[in-house]
Amino acid sequence: MSDRQISQHFETLAIHAGNTADPLTGAVVPPIYQVSTYKQDGVGGLRGGYEYSRSANPTRTALEENLAALEGGSRGLAFASGLAAEDTLLRTLLSPGDHVVIPNDAYGGTFRLFAKVVSRWGVEWSVADTSDPSAVRAAITPKTKAVWVETPSNPLLGITDIAAVAEVAHDAGARLVVDNTFATPYLQQPLSLGADVVVHSLTKYMGGHSDVVGGALIVSDQALGEELTYHQNAMGAVAGPFDSWLVLRGTKTLAVRMDRHSDNATKVADMLTRHKRVTSVLYPGLPEHPGHETAAKQMKAFGGMVSFRVEGGEEAAVEVCNRAKVFTLGESLGGVESLIEHPGRMTHASAAGSALEVPADLVRLSVGIENVDDLLEDLQQALG
């Protein structure tokens, strides 16, 4: 990071943290160090601490410093994908026989990682409604080493009181992990509320342009940061230099994008609540949402994700997805363009038959930054 004093205002940090001007040319954007190895100044004489780009790369370092600053942490780590970050975290925190409490609503890939991969390693898990701290407490066992939370959750937009669940986890000697992908650090900073680890899919809002895949872990505890750094290098699923550069470009505009995403999503949710074919709208910005008060307390705004249920069941929900024109039918989320999907058949198919199975009549929207009138008109015609 530059040696000049960096403002603590988020928008300024997003542009300047980690973004030191190139000392050789004065370039204001960090270069893409597309390099695998580095000339050493004698055996063991690492220039700037760089020896091999799996261990460290200057472009990735710039991104990791930026991420740590935005989340208010001491260490940020960038990975090849969100799931690569999660896998590294779990294998750092857990040993065979340990237990994790996971939410009853979560990204399908996260559930698959627990149910199909980590469980084969001898790690146990159980499901709890993390919006209810007493349910989390009841799910904890003497073997629990971590409590996993998504807030807002994917795809049902549930809200968890981070501070309350952090207290429950810490009372049991467990760490609290918060997936902050939907909110981003602009809207919510879990570490300041008591979380131990923040997880991101950088693919989503942090990158923001649907052109990169990446993941991140951010922590406050220096010792945990060192341990994660060791495993990041030992396991090797690191973010490449060009991917790091793309995400670093994305974080610079995160604040202005999230303001627009949130404004558009609020208008979309309001329209959907008044549509005769919509039976339920899931958006924490709505006063009737059960987590609205908690979200208002711990979030700056309510984000760009909206889910809703339609009359007519699964086939009707699929038809709405197929009829959309401005909303692109596709997985993922958080880009400048609006996306629509059917979670039951797409992103959350791996949760079918489990406690995390999503309703068949559910449609999920990632509301982009287009003109909101065009988005409203498109949804109205798709709903018929």
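**View 1. Phe-308 and its contacts in the predicted model.** Leaving aside neighbours within four places in sequence, Phe-308 is in contact with Leu-272, Val-278, Ser-280, Val-281, Val-320, Asp-361, Leu-362, Val-363, Leu-365 and Leu-383. Contact here means heavy atoms within 4.5 Å. This is a predicted model, in which local features need pLDDT of at least 70, side-chain atom pairs count only at pLDDT 80 or more, and totals for chains, interfaces and linings use all residues. Residues are numbered from 1 along each chain as its sequence is written, and side-chain values use heavy atoms, with hydrogens and water left out.

**View 2. The nonpolar cores.** Phe-308 also belongs to the largest nonpolar core, which has 66 residues. Leu-272, Val-281, Val-306, Phe-308, Ile-340 and Leu-365 are the members with the most contacts inside this core. Helix H10 (residues 254-273) gives the most to this core, with eight residues. A second, separate core of 27 residues includes Leu-113, Phe-114, Val-123 and Val-177. A nonpolar core is a set of buried Ala, Val, Leu, Ile, Met, Phe, Trp, Tyr and Cys residues joined through side-chain atoms within 4.5 Å. Buried means under 20% relative accessible area, exposed over 50%, and partly exposed in between (1.4 Å probe, protein chains only).

**View 3. Strand E9 and its partners.** Is strand E9 (residues 305-310) largely enclosed or left open? Five of its six residues are buried, so E9 is largely enclosed by the rest of the structure. Strand E8 (residues 278-282) pairs with E9 in the antiparallel sense over four bridges, and Ser-280 has Arg-309 in E9 as its bridge partner. Strand E12 (residues 362-366) also runs antiparallel to E9, joined by five bridges; here Met-305 stands opposite Ser-366. Helices (H or I, at least four residues) and strands (E, at least two) are DSSP runs, numbered from the N terminus. Two strands pair if DSSP finds at least two bridges between them.

**View 4. A sheet of seven strands.** This open sheet has the order E1-E7-E6-E5-E4-E2-E3, with mixed pairing. Strand E1 (75-79) and strand E3 (124-128) stand at the edges with a single partner strand each, so one side of each has no neighbour in the sheet. On average, neighbouring strands of this sheet are turned by 20° against each other, direction ignored. Strand E2 (residues 99-103) pairs with strand E4 (residues 144-150) in the parallel sense over three bridges, and Val-100 stands opposite Ala-146 in E4. Helix H2 (residues 58-71) lies across E1, E6 and E7, at about 130° to E1. Axes are lines fitted to C-alpha atoms, for helices over the stretch in contact, and angles run from 0 to 180 degrees between N-to-C directions.

**View 5. Thr-203 in its loop.** You will find Thr-203 in the loop between strand E6 (197-201) and strand E7 (215-219). Is Thr-203 buried or exposed? Thr-203 counts as buried, because its relative accessibility is 14%. The Thr-203 side chain reaches the backbone nitrogen of Gly-214 at 3.0 Å. Not counting residues up to four places away in sequence, Thr-203 touches Gly-208, Val-212, Val-213, Gly-214, Ser-332 and Leu-333.

**View 6. Stepping back to the protein chain.** The protein chain has 13 helices and 12 strands. Along its principal axes, the C-alpha trace spans about 70 × 50 × 35 Å. Of the 384 residues, 53% count as buried.

Notes:
Polar contact = N/O pair within 3.5 Å; in protein donor to acceptor, adjacent residues only side chain to side chain.
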